[in-house]
Every structure is written in structure tokens, then in C-alpha cells.
Amino acid sequence: AWKVDQENAFVFPDGLGIILGTVPGGEFIRDPVPLPGEPIGRLQQITVRWTNAGTREVQGVDFNVAYSRDTSWGAWSIESNSTYLDKFEFDQHQGLGTVRAVGQVANFFAPAAIPRFRSNLVLSNQLGAWNFTLAINFLRGVTNPQDNFVKTDDYVKSDVTVRYDFGQSSGGQ
């Protein structure tokens with residue numbers, strides 16, 4: 001089990017927050033004189049700077065299992081590495097307050113998926129000069145709050161690898 005509490009994390013403030021004065025890390029310049037019919041001068045420039053202002057709280061559990069056994073059909077091994085994310089909350093200090101992002105698409109730095117559960121499983125067999133491996137990666141689907149809370153499907157990717165070691169087959173070094 002693990003927990004990370006971070007203060008003064010890097011944030012990239014949004015331009016509107018800078019203009020409204022609700023976020024740190026930037027400044028703006030307006031024309032000194034408004035045009036006729038406009039209450040304030042037109043916006044000339046917004047400068048946005050990375051700044052240390054955000055907070056993040058992340059906690060979860062990692063669990064790993066590995067087993068291997070020699071048989072008449074070669075050396076077999078199976079390994080699973082998994083992470084369950086219990087909490088992923090952040091505050092970019094842009095007036096939005098704390099955002100709970102676990103199991104969702106979150107917009108900090110750039111849109112990123114924060115799945116609650118991810119795992120990989122690797123099954124392999126070494127038989128003489130031959131090596132066979134099956135790897136399966138799994139990511140739990142996430143919800144996108146910016147798109148009517150549409151939930152993505154779970155993601156499963158499988159890879160099969162077959163290798164032959166010519167040096168081992170001939171007894172060479």
C-alpha cells in the first residue's frame with residue numbers, strides 16, 4: 001500500500017483564470033484606452049508560466065505474484081503485477097477546487113486517463129533453445145466528465161513472442 005501527498009506541484013494555469021485573477025502563474029496586458037463602446041481596453045497579451053501551486057493526493061495498492069516451475073516440458077513461469085488506485089485527487093488552484101479523478105479522464109497538464117485498476121500477466125516457457133511468452137495488459141475503462149460522462153471500454157492488449165536461440169541449439173557460446 002502506498003500514499004503520496006504532494007504540495008507545490010507544477011501547474012499550468014489557464015488563460016481565463018489569469019485574466020480573472022483566480023490563478024497564480026501568469027499575467028496579462030490590456031490596451032490602456034478602451035475603444036468606443038467597450039468598458040475596458042482590449043487584451044493584448046497573456047503570459048502563462050508553469051508555477052508551483054497545485055496539490056495532489058494519490059493512494060493505492062500494488063500487488064505482485066510470481067511463480068516458476070521446471071517440468072519435463074521446460075521451465076514455466078507466470079507473473080502478475082497489478083495496481084488498484086483508491087484515490088487520485090488534485091487541485092490546480094484555478095478556482096475549481098479539488099478534482100477527484102480516479103476512474104476518469106482528467107485535464108491536468110493534458111488530458112490523461114486515470115484508471116482505477118491496471119494489471120499485466122506474463123506466462124512464459126523456456127524449452128531448450130525455444131522461448132514462448134504470452135503477455136496480457138489490462139486497463140479498467142474510465143469515464144470522461146467532459147463528454148457527458150461516457151465510459152470507455154476496458155482495454156486489453158495481448159502480445160505473443162516466440163524466440164529461438166541459435167547459439168544454445170548448437171551448444172556454442
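Begin by selecting V58, L85, F88, F90, A101, V102, A106 and I114: these 8 residues form the largest nonpolar core. That term covers buried Ala, Val, Leu, Ile, Met, Phe, Trp, Tyr and Cys residues joined through side-chain atoms within 4.5 Å, where buried means under 20% relative accessible area, exposed over 50% and partly exposed in between (1.4 Å probe, protein chains only). Strand β5, residues 74-91, supplies the largest share of this core, 3 residues. Helices (H or I, at least four residues) and strands (E, at least two) are DSSP runs, numbered from the N terminus.

Before moving on, some ground rules. You're looking at a predicted model, so to speak with care: local features need pLDDT of at least 70, side-chain atom pairs count only at pLDDT 80 or more, and totals for chains, interfaces and linings use all residues. Residues are numbered from 1 along each chain as its sequence is written, and side-chain values use heavy atoms, with hydrogens and water left out.

Leaving aside neighbours within four places in sequence, V102 is in contact (heavy atoms within 4.5 Å) with L85, D86, F88, I114 and R116.

Next stop: S124, in strand β9 (residues 117-127). Is S124 buried or exposed? S124 is buried, at a relative accessible area of 16%. Show its side chain and you'll find a polar contact with the side chain of S77 at 2.6 Å; such a contact is a pair of N or O atoms within 3.5 Å, where, within protein, one must be able to donate a hydrogen and the other to accept it, and residues adjacent in sequence count only if both atoms are side-chain atoms. Beyond four places in sequence, the contacts of S124 are A75, W76, S77, F132 and T133.

Now for the charged pairs. The structure has 6 salt bridges, each a side-chain nitrogen of Lys or Arg within 4 Å of a carboxyl oxygen of Asp or Glu. Select K87 and E57, whose closest N and O atoms are 2.9 Å apart. This pair ties together distant parts of the chain, with K87 in strand β5 and E57 in strand β4 (residues 51-71), 30 residues apart. E57 is partly exposed at 33%.

Then try R42 and E38, bridged at 3.0 Å between the closest N and O atoms. R42 is partly exposed at 47%, as is E38 at 27%.

Last, D165, in the loop between β13 (155-164) and α2 (166-169). Its side chain reaches the backbone nitrogen of G167 at 3.0 Å.
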